[in-house]
Amino acid sequence: MKSLSKANLSQFLETMNSKVRVYVPVEQDGVSRFAPWSQDCQLVLDRNTINPPKRLFFPQTEELYEYQVDKQDASVKSLAVKPEPFVVFGMRPCDVQSLKLLDDVFLTKGYEDIYYKQKREQGIVISLGCPEPEETCFCDSWGVNPARAPLADIMMIESEDKYLLEAQTEAGEKLLADLSGQLTDQSGELPEGKPCSLKVKNEGLMEHLQPKFEDPVWAEICRKCINCGTCTYLCPTCYCFDILNRTRGKQGVKYRCYDSCMYPEYTLMAGGHNPRPTKKERVRQRFLHKLQYIPERYQELGCVGCGRCIKKCPVNLDITRVINQLWEVE
Amino acid sequence: MNAQTAKIREIAKELLEKQEVQMVIGWEKGTFFYNSTPVFITKPEDVERLIWDEYCAVNLAKLLMDYRHVEGKVALFVKGCDARGINRLIQDKVIDRGKTYLIGLPCPGMKDAGKAAELGKDKAGEAPLEAKCLRCTHPNPVVYDVLVGEEVPVTGKEDRFARIADLEKMSPDEKFEYWSKQYDKCIRCYACRNVCPACNCRECVFDQGQTWLERAVERGGNQFYGLVRAFHVAGRCIECGECERACPMDIPIMDLHHKIAKDINELFGDYEAGLDPEGPLPLGMYKTEDPEEFM
Amino acid sequence: MCNCNGSHNDNPLLPVVGKIIKIVEETPDVKTFHVTSENGKPFTPMPGQLGMVSIVDVGEAMFSVTTQGPEHLEFAIKRVGTLTDVLHEAEVGQSIGVRGPYGNGFPIDLFKGKDVLFIGGGIGLAPVRSMINYCIENRDDFGKLTIIYGARSPEDLCFKDDLFENWPKVRDTEVHVTVDKGDDNWKGNVGFVPAFLEQINPSPENTIALTCGPPIMIKFVLQSLAKMNFQPEQIVTTLEMRMKCGIGKCGRCNIGSKFVCLDGPVFTLAELNQMPNEY
């Protein structure tokens, strides 16, 4: 284990950034997100970012390939580019856990999404454990330890006036070795953090929900939803996207862009039929996708308990309260 | 429990028991002390869920749109801004006043939930009012069937155009830089549109595939979205500030709406939307003496 | 597991650009496009599998491969939206993006050694046709073939050559055609597919029924099949959902935890009965 004095954090990031591009959690123009490190950036280390770091691996808008057309002829050229290695510094354990699900979606079941894969392979994750979760956090209800991220390359946690760092993968060890000049050897174990105060009952939830598709409770749950995309766009595990064209004259780009199951257009078919015509079906899809369909398909959590949707839903349609309400249904 | 909460429950219970309405839309306590969230009461025994406190910021008017085609009346609690939202929907021929029962609540202003969360429960009293409440000109409902409590004065509030005075002083380049920074944050979740009582089109232009706007989230498209929405609600915006409150990226959307409202006042005389559903809309009529500096 | 048959490159979202080599006008709003590429057939689908077809500067949509030759694929496409409008205006020589094959295809093993009852309506004959032609090409593997097909009017009948020339000549094969509304020249049956099916009354014994058509037709066909004692395990159908990626990533074509693009589009009624009713 290594330690880093808090006073030296800026120098540590600067040195690391001179070797490899580093993304850090910052507050910028009134909103928090991950952005490239610079000396004058405003680091946010006391809470998680509103924009999830999934954007570094799966951006909201991403070009897939370009094309040229000339009368009847056409050609295409892939725009998939393997980035230079980069470091994501300060990802919280919930968000690191979300990468597990994104990996399952983008890299398994017969097809690998090359655009995601190239970024995922080049990204080194330094997770920052949470000594004290926020009141909207409930990751430990899903089995995530707020102070540990097993999938991170390096686990880091605050301890009084310093940070303690432990490499968890080969890439992590190499990075720490490269930065050894900034670090001090330290004995002992990484400290544990406090548990979350917000809780949901997780065990058996998937099985409990399986027969609830037709339950009238969905008509109640959906009432206050305004069908905006806030929850889905801020969610670290939501991955749905649309594929679109941007044509300018004889050339153009095929790109993908986040989409949301909250929008009526999402499932609207060319002939006019919509299998999810009202907000009841759309709200049900969002919650069952997280809580039943993803666990069924990937034997994996569909929610990591980061609490962003609780924090930012304009009408406080809170997933933990929805889960409690669903548990009450016989 | 405050006296008004007891009173609103009593009113709701009576309306439901006498079957004068089939549903009452109000607020209930949400996850944390600073969350008061919409609730839909259909059974008299459920009225105990209703509350009225300093966090009932959500404008309920828009939620009525889901019930415009149902049989029978729906009751709704209205603050000043909710009431103006109702007038908006009536004037836009979206809802039928005869099918609504409005319970008016004079509003002392709602606390800024985000600030209250930061301060914690014990110090929440020190939290400032929501930005939208600081600039409110009509805290008392402008339309209602019954009023609960005494009307409140418009006190201690900011001039609603104060914030844009600074923006107006900027050069065009500075303005562009400022708004680019703001709309570069936009994630196009459409929360601002979906909470807005003036955004009541049957089909929004932004939901028509890529006919008018590409889905790519980028500077030009984001600004186009913000501007088009601002102009679509020009002269109809009731200044409830829900767009800005709902925005997860903290974009000062009301500055656009206030700027347009101010310009309308200067060009066509003082006007506030949502006060009179019968009156003419400043941008919906033509007078020969209208200024036409662009001609 | 991957159904790609080794044809896609390492970027499954990147199409192969081929060309339309032949266009057959089936009905006033359905055309069949024959597509090939520089390297021959873009991919080799099993019956019932899908292909993502694009006019590269316009858009992409998923269609079933209605049949194939040694060097080309055929897509029968109804004019319903932006992309299909452009496709219908296209001429031979037009470049076409294709990627696939996608989806599970028909469960051939389930059909082998059994009589097969095909029930199609309108453009729904397109996927069914891929299985009919497979059965014909491997005629000894299957028992009696009964094809029941209906369309709104005589001019709306797809694949007329197959219906009236090719398929009736095949050994132990019956073709029954109906239209909702006839015209002066129509000598065949007039009536809806479900009623026509009940009139023909095929036996469920050692039979698999395969049906595809408009949702309302499928609904009543399933009721008729139930009346005739077909069990849910004996009934196979295909579903349609809005799709974008075709490879189970983009999310929208799910029905419960199943993705129609990967786990479908072919499901037995027994499987559908286990899934949420949201399609």
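Predicted model: local features only at pLDDT ≥ 70, side-chain atom pairs only at ≥ 80, totals over all residues.
Reader: Which element gives the largest share of the side of domain 1 of chain C that touches domain 2 of chain C?
Author: Three strands of chain C each supply at least two residues of that side: β1 (16-27), β2 (30-36) and β6 (73-78). The largest share is four residues, and they come from β6(C).

Reader: How many charged residues does the side of domain 1 of chain C that touches domain 2 of chain C have?
Author: Take the side of domain 1 of chain C by class: seven residues are nonpolar and six are polar. The charged residues on this side number four.

Reader: Which residue does C:Asp29 meet in a salt bridge?
Author: The rule finds two salt bridges across the interface of domain 1 of chain C and domain 2 of chain C. For C:Asp29, the N to O distance is 3.7 Å. The cut-off is 4 Å, so a pair at that distance can count. The side chain that meets C:Asp29 is that of C:Arg152.

Reader: How far apart are the centres of domain 1 of chain C and domain 2 of chain C?
Author: The assignment for chain C gives domain 1 as 16-102 and domain 2 as 108-238. Their contact takes 17 residues from domain 1 of chain C and 16 residues from domain 2 of chain C. Over C-alpha atoms, the centres of the two domains are separated by 24 Å.

Reader: What share of the area buried between domain 1 of chain C and domain 2 of chain C do carbon and sulfur atoms give?
Author: The two domains of chain C bury about 1200 Å² between them. On the side of domain 1 of chain C, C:Glu26, C:Pro47 and C:Thr66 supply 37% of the buried area, more than any other three residues. For the whole area between the two domains, carbon and sulfur atoms give 56%.

Reader: What separates the centres of domain 1 of chain B and domain 2 of chain B?
Author: Chain B is also divided, into domain 1 (3-147) and domain 2 (162-268). In contact are 16 residues of domain 1 of chain B and 18 residues of domain 2 of chain B. Taken over C-alpha atoms, the distance between the centres is 25 Å.

Reader: Which residues of domain 1 of chain B lose the most area to domain 2 of chain B?
Author: Domain 1 and domain 2 of chain B bury about 1400 Å² between them, with 52% of it on carbon and sulfur atoms. On the side of domain 1 of chain B, three residues together make up 41% of what is buried. They are B:Lys62, B:Arg88 and B:Arg135.

Reader: Which residue forms a salt bridge with B:Lys132?
Author: Across the interface of domain 1 and domain 2 of chain B, the rule finds three salt bridges. In the one formed by B:Lys132, the closest N and O atoms are 2.8 Å apart. The partner of B:Lys132 is B:Glu242.

Reader: Which element supplies the largest share of the side of domain 1 of chain B that touches domain 2 of chain B?
Author: There are twelve residue pairs in polar contact across this interface of chain B. Two helices of chain B, α2 (80-91) and α4 (131-134), each supply at least two residues of the side of domain 1. The largest share is five residues, from α2(B).

Reader: Which residue of chain B meets A:Arg248 in a salt bridge?
Author: Between chain A and chain B the count is seven salt bridges. For A:Arg248, the N to O distance is 3.3 Å.

Reader: What area is buried between chain A and chain B?
Author: The contact takes 40 residues from chain A and 39 residues from chain B. Carbon and sulfur atoms give 49% of the buried area. The area buried between chain A and chain B is about 3200 Å².

Reader: Which chains share the most contacts?
Author: Chain B and chain C do not touch, and their nearest C-alpha atoms are 10 Å apart. That leaves two pairs of chains in contact. Of these, the pair with the most contacts is chains A and C.

Terms used. Residues numbered from 1 in each chain as written. Chains lettered and ligands numbered in written order. Heavy atoms only, no water. Domains from an automatic or database assignment. Contact = heavy atoms within 4.5 Å. Buried area = accessible area lost by both parts, 1.4 Å probe. Polar contact = N/O pair within 3.5 Å; in protein donor to acceptor, adjacent residues only side chain to side chain. Nonpolar A, V, L, I, M, F, W, Y, C, P; charged D, E, K, R; others polar.
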